[in-house]
Structures are given as structure tokens and as C-alpha cells.
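The following exercises concern a single structure. Please work through each one before reading its solution.

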Amino acid sequence: MDFACAKTFVSAFGASWAIVNAWVPAKTGVGWRNIHGLSLLAAIGFTMSLFIGNLAFTDPALIDAVKVPVLSGSLITTFAGFFMLKSALSEQDTNGQSV
């Protein structure tokens with residue numbers, strides 16, 4: 001996972017944790033697994049990393065070398081977020097909670 005994806009995940013999950021612990025009551029039915037999955041999906045945003053890579057390098061080979069890790073990091077976070085949310089949904093179904 002590239003730095004931009006990790007930074008987005010940590011900031012989204014950390015901000016959610018702080019807000020829930022400070023202000024929001026825990027009766028909403030949204031669990032930490034849901035928030036974790038959404039934080040992973042927030043890390044998909046790779047367009048800024050590609051834009052910065054295009055600005056930083058003039059050599060086409062280096063620009064292509066930037067695209068591979070950025071796109072693979074986005075693909076990894078896409079699947080990780082999907083499976084995290086899918087497991088949260090199945091956990092809610094087995095606990096008898098409505099979705």
C-alpha cells in the first residue's frame with residue numbers, strides 16, 4: 001500500500017475513532033468493522049498521487065513507474081475494503097441486527 005493510501009486510511013479511521021469516542025453515542029448500529037471498511041475505501045483516491053507523479057517526473061519511464069504502485073495500492077485497498085464491509089454485513093446478519 002503506498003503512502004497516500006496509508007495516510008488516507010489512518011486519517012479517516014483516526015478521525016472516526018475520535019468523533020465516536022467524543023460525541024456520537026454508540027447506538028447507531030455501525031460497528032468498528034464498518035468504519036474500518038469505509039476507511040479502506042477512502043484510500044482508493046489515487047488521482048492526486050498520479051497527478052503529483054506526472055508533475056514530479058519528466059521521463060516517461062519514471063511516470064509509468066509511478067503508476068504501477070499507485071494503481072496496485074488502490075486495487076489492494078478496494079478489495080480489502082470490500083471484504084471488510086462484506087464481513088461486517090455478514091456479522092450483523094448473524095447477530096440479528098437489521099442492516
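**Exercise 1.** In which helix is the place of glycine 73? Determine also whether glycine 73 is buried or exposed.

*Solution.* The model is a predicted one, in which local features need pLDDT of at least 70, side-chain atom pairs count only at pLDDT 80 or more, and totals for chains, interfaces and linings use all residues. Residues are numbered from 1 along each chain as its sequence is written, and side-chain values use heavy atoms, without hydrogens and water.

Step 1: glycine 73 lies in helix H4, residues 60–94 (helices are DSSP runs of H or I, at least four residues, numbered from the N terminus).
Step 2: its relative accessible area is 2%, so glycine 73 is buried (buried is under 20%, exposed over 50%, partly exposed in between, with a 1.4 Å probe and protein chains only).
Step 3: between glycine 73 and isoleucine 44, the C-alpha to C-alpha distance is 7.8 Å, at a sequence separation of 29 residues.

**Exercise 2.** Classify the aromatic pair formed by phenylalanine 82 and phenylalanine 83.

*Solution.* Step 1: the structure holds 1 aromatic pair (ring centres of Phe, Tyr or the six-membered ring of Trp within 6.5 Å; planes under 30 degrees apart are stacked, over 60 edge-to-face, the rest tilted).

**Exercise 3.** Is leucine 55 buried or exposed?

*Solution.* Step 1: leucine 55 belongs to helix H3, residues 47–56.
Step 1: its relative accessibility is 59%, so leucine 55 counts as exposed.

Technical notes:
Helices (H or I, at least four residues) and strands (E, at least two) are DSSP runs, numbered from the N terminus.
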